[in-house]
Amino acid sequence: MKKGINIWSFPQGTVKESLSLAKKAGFDGVELALNGEGELSMTSTEREIKQVKAMADDLGLALYSLSCGLCWDYRLSDDDPAIRQKAKDMIKKQLETAKILGADTILAIPGVVNVSFSMPEKKALINALYTVTVLDPACGSGAFPIGMLQKIVYLLQETDPEANL
């Protein structure tokens with residue numbers, strides 16, 4: 001069994017400091033986070049991302065996945081198409097960054113909804129589901145889109161069985 005930890009578990013510092021702490025604590029890998037600015041951000045170049053990968057490689061740490069706290073600001077479920085576009089752009093950057101880092105998973109949060117699913121929340125979920133389908137080609141292989149399609153169809157049927165929204 002391998003152990004991994006999210007970079008948000010460490011005190012704020014540089015990526016290298018966090019990776020070093022993870023190694024010292026006995027972790028095998030780290031889930032990094034894409035940020036709005038900083039060492040690993042929406043504006044990071046391929047060269048800069050490869051430098052982060054090299055830091056992890058030098059410490060013998062795997063980079064399992066890539067999270068992103070920007071999902072709270074740019075939601076796929078937002079009523080504003082401009083915000084949904086920013087969310088799509090962010091997730092595309094996340095996928096591109098994850099590929100360079102060698103991570104095979106990203107954490108993408110479509111939006112915030114309550115368990116009760118009010119009408120606006122149902123609409124928000126449906127907006128997110130329809131927006132995610134556009135991201136399928138950015139993934140690379142067919143396995144992810146087929147698996148996601150099954151989940152999307154299920155969620156649409158559960159959320160809006162009569163297709164009224």
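I started just past the end of H2, where Gly60 takes a positive phi of about 75 degrees. The model is a predicted one, where local features need pLDDT of at least 70, side-chain atom pairs count only at pLDDT 80 or more, and totals for chains, interfaces and linings use all residues. Residues are numbered from 1 along each chain as its sequence is written, and side-chain values use heavy atoms, leaving out hydrogens and water.

Next I looked up H2 itself. Helices here are DSSP runs (H or I, at least four residues), as are strands (E, at least two), numbered from the N terminus. H2 covers residues 46-59, which is 14 residues. From first C-alpha to last, H2 reaches 20 Å, close to the 20 Å expected at 1.5 Å a residue (the expected span is 1.5 Å times one less than the number of residues).

Which residues of H2 are buried? I found Ile49, Val52, Met55 and Ala56 (buried means under 20% relative accessible area, exposed over 50%, partly exposed in between, with a 1.4 Å probe and protein chains only). They sit on the same side of H2 because they cover an arc of only 110 degrees around the axis, taken from the directions from the helix axis to the C-beta atoms. On the other side, Arg47 and Asp58 are exposed.

Then I checked the partners. The buried residues of H2 pack against helix H1 (15-24), strand S2 (29-34), strand S3 (62-68) and helix H3 (81-101), with contact meaning heavy atoms within 4.5 Å.
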